[in-house]
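Visitor: Please show me the model, and then let us go through it by question and answer.

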Amino acid sequence: MKNILFLTHLYPYPPNDGGKIVSFNTLKHLAEYGHHITVCTFYSKEKDDLSTFPLEMQVYGVPVDYANTLGGGMKNLISPLSYNMEKYVNRQMRELVFSLLSELNIDIVYVDHLHMAYYGSLIKQTYPHLIVVLRQHNVESLIMKRVAEEERNPIKKLYFQMQYAKLNAYESSICADFDECIMITQEDLNLMEKMNHRVRLSLLPAGVDMNKYVPLDYRQNEWPTITFLGSLAWMPNIQGVTWFMENVFPSLLRQVPNIQFYIVGKNPPESIGKYESQYPKNVHVTGFVEDERPYIAASDVFVVPLKIGGGMRIKILNALAMKKPVVTTSIGAEGIHLKEGSFEVADSSADMEKTILKLLNNKDLAGQMGELGYQEVQAHYSNQLILEKHAANLDHFDSPVHDHKMNVMYVTHSKKKGGAEQSLIHLINHMDTSLYNIYLLCPQDTEYVDEIKTPHKRLHMELGSIKKNIAAYIQRNMAIIHLVRKHNIHIVHANGWRAPWYVLFAKYFTKAKTIWHHRDAMESKFYTWLLPHFFDQVICISDFVKSTIKVKRKCAVVYNGIEQKNDASLEKQRKFKEDGILVIGVIGRIVEWKRYDYIIKALSIFTRKFNITNWKLNIYGDTAVDGSDVYLQQLKDLVAELGLEYNVNFKGHTRTPIKAMGECDVTINFSDKEPFGRVIIESLLAKTPVIVANSGGAHEIIARTEGGFICQDGDIDHLAHQIKEIYDLSEHQYESLSSTGYENVKKFFDAKNKSRDVSQIYNRLTKKAFLSQHM
């Protein structure tokens, strides 16, 4: 037998509505089987008395105000949780739950209703080997979706749609935290499986206490009587009764003037109470009753006119157990699988009126239906059959080993490798695969994927120009949303400047958190203001890049990291000014904003002003990735014009940039607003000092590593003097400068540490971090 901690948001006594009936009967049968139960519940100070609980088990409670308020609903607009879930995030309850777990030798935590799943998830994080199960009475987000669909007031409709979006994301995510999610109906199980295939599901129908709900003879008069039963604090019941009174009852009354309609249920609002005044001789709004069975017994027809809702209607089974004919809707009938003819389904007002009249006018038919319904419930929905098996299953329940990893999908548009792609490779290669399942969405013929050594699943998609094909852009956005849902992605990480436009809708149409890894300096408001609003986090690769974003609260700075390879071939072979020649290197794609022409002009000044000709400039790079063939030709023409053909070499693309840098005495990065400058940290790792312009994020690297010189932005004369300063260094001074840069770049820009920084952002963004914030 097991020691079970039972968590519920509704004090389950008296069992006077569907949810409380299921909870009470479950507790009763688990205890009868022999399990030792401790109940932890919210309760109403005004209406609930914990001392009256009739079962032999310890009950602990935390008072709560169950009422929905306008203020609470408005405040909830800024919360990531829906209102009906946020109400039960309670510090006192959390402390009570964990106090009981520390004091009691609990084997299983039984979470009753989604409203308490918050605590179940916290428990599973703290005690990962403790069995924690969730009993889902309904798919709560389905109810909210139907509420939104039925609402006609546009303001309320929008509010309910927002509540649905939050609730759907929460429900589909948190259910996966449990060792088992126990659904009441097959329909709800199928839906939950579609919402999140990682949820471990089982089916446990609600049942009937066949000893309590028995046929009774309780007629006080011969007037035709119909009855509705259900808590009138629950929106689906309010909406169902309202629909019935406005669309069915007036016509029914004209056909049967002496008909009696009993609306039985606690907390009827004024919108329901008014019908008793409107029809004083025919409608009776009872409010709370101690025992609902006399009202069911006195019925000729039991009506359940639900238009919204989810789960299973226990009241239908109870009425059938008392041999009463039932008329309900398709939604009311969901989850109840009985032989045809056990009850009637009518969705339109005309069909419902016709069906009720048929049963009122044909006692034999009503009797036959009641008898068949009784036999079917006894055979398939007896608590004795259902809950005894459930209790036995819990006794033999062992917590399986589950994959609780986070699923992260990286999205990139480029087939060729530039700095952004190299940084992405390093990031992925250092992600902890014990914590993450890695997905990479990239074009089919991406050239650098073999450099990604971390196990990952590759998804192929071309992310082409948006302007050229808007239809394809929208189609691919929808395809990415589908992939995020299909693979249950928790984090969508868009790399660079084009990929974020293809994932921006994932924030609103999936439960995933979205990240834009911003690696460029864009002046357009589309990038600086608009795009950040579509992401949960913007990771900027420098303080400079962050300064360009207008929505600062979304930004975090994580510098690019560098791989610290122990490769002897990358060891610096060249001594300073070997053979008496100063070798200068520039590495990167050939494009105007890299300002290679400034470097060439500065070297011309250096030559003329200081009469130094023993130098070489090696330009490594091509125009393949967003480069400019026109600019390349302009550079060659400039070299010829200045008479520097002997000194300047266009080396083209290199696949070993760090080795190339190690063959230089100094490298120069004189770019206009360089966002970061990966080649700078690569050069420092090659023990080659760097001269950078005081522009963009490049100078941030040199300021931290002290591995070079910072030149006035755009000042070619100052750059010529900086080159001369390097030229004049002694070998000892050069070694000190290069060693300082080397040690500091390893310290501040290690790829493994940068991946950890990103991992911390993932944890903060995801639900687990969110739950921790509320502890």
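This is a predicted model: local features need pLDDT of at least 70, side-chain atom pairs count only at pLDDT 80 or more; totals for chains, interfaces and linings use all residues.

Visitor: Is Lys594 buried or exposed?
Guide: Lys594 sits in the loop between strand E21 (582–587) and helix H24 (596–610), where helices (H or I, at least four residues) and strands (E, at least two) are DSSP runs numbered from the N terminus. Because its relative accessible area is 9%, Lys594 is buried.

Visitor: With which side chain does the side chain of Lys594 make a polar contact?
Guide: Not counting residues up to four places away in sequence, Lys594 touches Arg589, Phe670, Ser671 and Glu674, a contact meaning heavy atoms within 4.5 Å. A polar contact is a pair of N or O atoms within 3.5 Å; within protein, one must be able to donate a hydrogen and the other to accept it, and residues adjacent in sequence count only if both atoms are side-chain atoms. At 3.1 Å, the partner of the Lys594 side chain is the side chain of Glu674.

Visitor: In what order do the seven strands of the open sheet stand?
Guide: Two strands pair if DSSP finds at least two bridges between them. Strands E4 and E5 (residues 131–136), for instance, run parallel and are joined by five bridges, and Asp112 has Arg135 in E5 as its bridge partner. The pairing in the open sheet is parallel, and the order is E3-E2-E1-E4-E5-E6-E7.

Visitor: Which strands stand at the edges of this sheet?
Guide: A strand at the edge has a single partner strand, so one side of it is left without a neighbour in the sheet. The strands in that position are E3 (58–63) and E7 (201–203).

Visitor: What angle does the direction of H5 make with that of E5?
Guide: Axes are lines fitted to C-alpha atoms, for helices over the stretch in contact, and angles run from 0 to 180 degrees between N-to-C directions. H5 packs on the sheet and touches E1, E2, E4 and E5. Its direction makes with that of E5 an angle of about 165 degrees.

Visitor: What is the relative accessible area of His113, a residue with positive phi?
Guide: His113 lies in the loop between strand E4 (108–112) and helix H5 (117–126), and its phi is near 80 degrees, a positive value in a residue other than glycine. His113 is buried, and its relative accessible area is 5%.

Visitor: How many disulfides does the structure hold?
Guide: A disulfide is a pair of cysteine sulfur atoms within 2.5 Å. The sulfur of Cys664 is 18 Å from the closest cysteine sulfur, in Cys711, which is too far for a bond. The number of disulfides in the structure is zero.

Definitions and conventions: Residues are numbered from 1 along each chain as its sequence is written. Side-chain values use heavy atoms; hydrogens and water are left out. Buried means under 20% relative accessible area, exposed over 50%, partly exposed in between (1.4 Å probe, protein chains only).
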